[in-house]
Amino acid sequence: MMGGAKAKQSRESWHLICQVRNRTELYILPHAFDKLKSEELEMAARPALRLSYLSFFSFIVLPIVFQRFCMVPCMGILDVDSFEWRGEKEDEVNEVQSHQGSPRDCNLSVGEWVFDPSYPLYAPGCPYLSTQFSCRRNGRPDSDYERWRWKPKQCSIPRFDALDFLGRIRKKRVMLVGDSIMRNQWESLVCLVEAVIPSELKTVSSNGPSIAFHAMGYEASIEFSWAPLLVELEEEAENRRVLRLDSIEENAKDWLGVDVLVFDSAHWWTHSGKWSSWDYFKEGARLFTNLNPMVAYEKGLTTWAKWVDLNLDPRRTRVIFRSVSPRHNRENGWQCYKQKEPLVFLGYSPRVPGQLVVLREVLKKMSFPVYLMDVTSMSALRRDGHPSIYAEEGRDTEGPASDCSHWCLPGVPDAWNEMLYALL
């Protein structure tokens with residue numbers, strides 16, 4: 001009976017350790033060890049048993065129990081900055097908001113960048129690349145940034161197969177909706193498929209800032225819809241720019257009838273001062289001059305989420321939300337300059353952006369199964385992948401600006417699109 005009581009006490013102690021989720025309660029950890037050892041160490045105090053017991057306990061029991069019961073289940077609590085983005089909250093969003101099998105079986109966002117000489121998957125001279133993303137064409141002397149492949153820890157992502165992808169979207173519309181970084185991803189996706197299509201069977205059409213690539217032989221289109229804030233930005237009397245946090249219909253009319261929708265909205269919400277795109281926020285009849293950016297972002301995303309829940313049919317439309325693309329803009333934008341290889345995750349602690357925290361909470365409240373494609377942490381390791389001074393032709397010396405927000409192509413967005421391919 002006494003042995004059973006001791007075992008129960010030990011299980012309760014380890015349960016106490018591994019139930020710690022609040023970082024302010026980490027002081028419980030040594031206390032739990034004391035609770036575990038107190039009764040047993042009374043026996044160890046006996047001279048005849050002290051050496052053998054303590055040796056057995058210290059070198060055999062503790063390492064096994066600590067590894068099995070604390071290291072794995074409690075990994076997410078050890079370091080707030082390093083591990084919070086890959087903890088249980090992210091998995092909860094994936095499982096609750098996606099009815100697909102792959103997100104449950106494999107977290108695509110946790111892994112490593114592997115150098116692969118067989119990359120890139122298309123030529124740097126792809127005719128659909130904007131000057132801003134054509135780093136080699138703009139004089140960037142190195143090219144290793146094109147040859148890194150993302151490898152998830154728990155599974156593998158299939159190499160992008162353009163013909164297979166086009167077959168999967170036959171007679172369908174794929175639309176990427178968002179800001180200039182979503183345009184960055186759209187150009188990557190077009191370049192991944194265009195080379196296998198005869199020139200007479202492909203074309204591009206545009207309507208204002210929106211653009212579409214048409215694979216006519218497949219009756220398919222890959223489209224980009226400009227909506228960096230998702231909700232509507234309007235100009236009212238006296239040239240006042242008003243961001244309407246509860247209005248989305250004008251933008252959303254372009255999203256109806258699309259088979260695969262990939263959304264992104266993050267960077268513009270944090271613009272301030274001369275970079276801000278609005279003078280006022282508006283919700284209902286109320287005008288705001290000052291509003292916390294993350295509060296405004298939550299309101300705007302909630303408007304988007306309500307529209308999706310009310311207007312889209314999950315049997316007809318697949319919806320994916322790509323998380324915020326990280327910037328490396330510290331040091332006045334020069335943090336990415338002359339970087340030639342990815343950071344290694346070991347010892348690197350990416351901070352979880354506020355936009356990603358808000359996005360997860362909004363998605364959890366939706367009834368429509370939206371899949372969160374988390375590219376934030378994986379891309380945070382790629383400070384070598386930005387255009388830096390090679391966002392325009394002829395720049396070979398340091399100047400007033402360095403682009404550490406967008407991505408060179410071929411490059412990081414190709415990995416995002418391989419994830420998209422895996423999801424489809």
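## A quick tour of the predicted fold

The protein chain has 13 helices and 13 strands. Keep in mind that this is a predicted model. Average pLDDT for the protein chain is 78, and 71% of the residues score at least 70. The stretch to treat with care is residues 6-104, where pLDDT stays under 50. For that stretch the model has 118 contacts beyond four places in sequence.

If you take the contacts with a separation of 6 or more, 78% of them are between residues 24 or more positions apart.

Now for a pair of helices. The axes of α8 (residues 180-194) and α13 (residues 412-423) come within 9 Å, crossing at roughly 70°. Angles of 65 to 115 degrees count as roughly perpendicular, so that is the label for α8 and α13. On the α8 side, the residues that meet α13 are I181, N184, Q185, S188, L189 and L192. Their partners in α13 are P413, D414, W416, N417 and L420. Sorted by class, this contact has six nonpolar, four polar and one charged residues.

**A histidine in a loop**

H267 sits in the loop between β9 (260-263) and β10 (280-283). With a relative accessible area of 7%, H267 is buried, because the cut-off for that is under 20%. A polar atom of the H267 side chain lies 2.6 Å from the backbone oxygen of S325. Leaving aside residues up to four places away in sequence, H267 touches D179, I181, V324, S325, R327 and Q355. I181 also turns up among the α8 residues that meet α13.

Most residues other than glycine have a negative phi, and most peptide bonds are trans.

| Site | Backbone feature | Loop |
|---|---|---|
| Y119 and P120 | cis peptide bond, omega about 10° | P120: between β1 (111-115) and β2 (148-152) |
| L409 and P410 | cis peptide bond, omega about -5° | P410: between α12 (376-380) and α13 |
| K171 | positive phi, about 60° | between α7 (162-168) and β3 (173-178) |
| L230 | positive phi, about 65° | between β6 (220-226) and β7 (232-235) |

How values were computed:
Residues numbered from 1 in each chain as written. Predicted model: local features only at pLDDT ≥ 70, side-chain atom pairs only at ≥ 80, totals over all residues. Heavy atoms only, no water. pLDDT = per-residue confidence, 0-100. Contact = heavy atoms within 4.5 Å. Helix = DSSP H or I, 4+ residues; strand = E, 2+ residues; numbered from the N terminus. Buried < 20%, exposed > 50% of the residue type's maximum accessible area, 1.4 Å probe, protein only. Polar contact = N/O pair within 3.5 Å; in protein donor to acceptor, adjacent residues only side chain to side chain. Axes fitted to C-alpha atoms, helices over the stretch in contact; angles between N-to-C directions. Parallel < 35°, antiparallel > 145°, perpendicular 65-115°, else oblique. Nonpolar A, V, L, I, M, F, W, Y, C, P; charged D, E, K, R; others polar.
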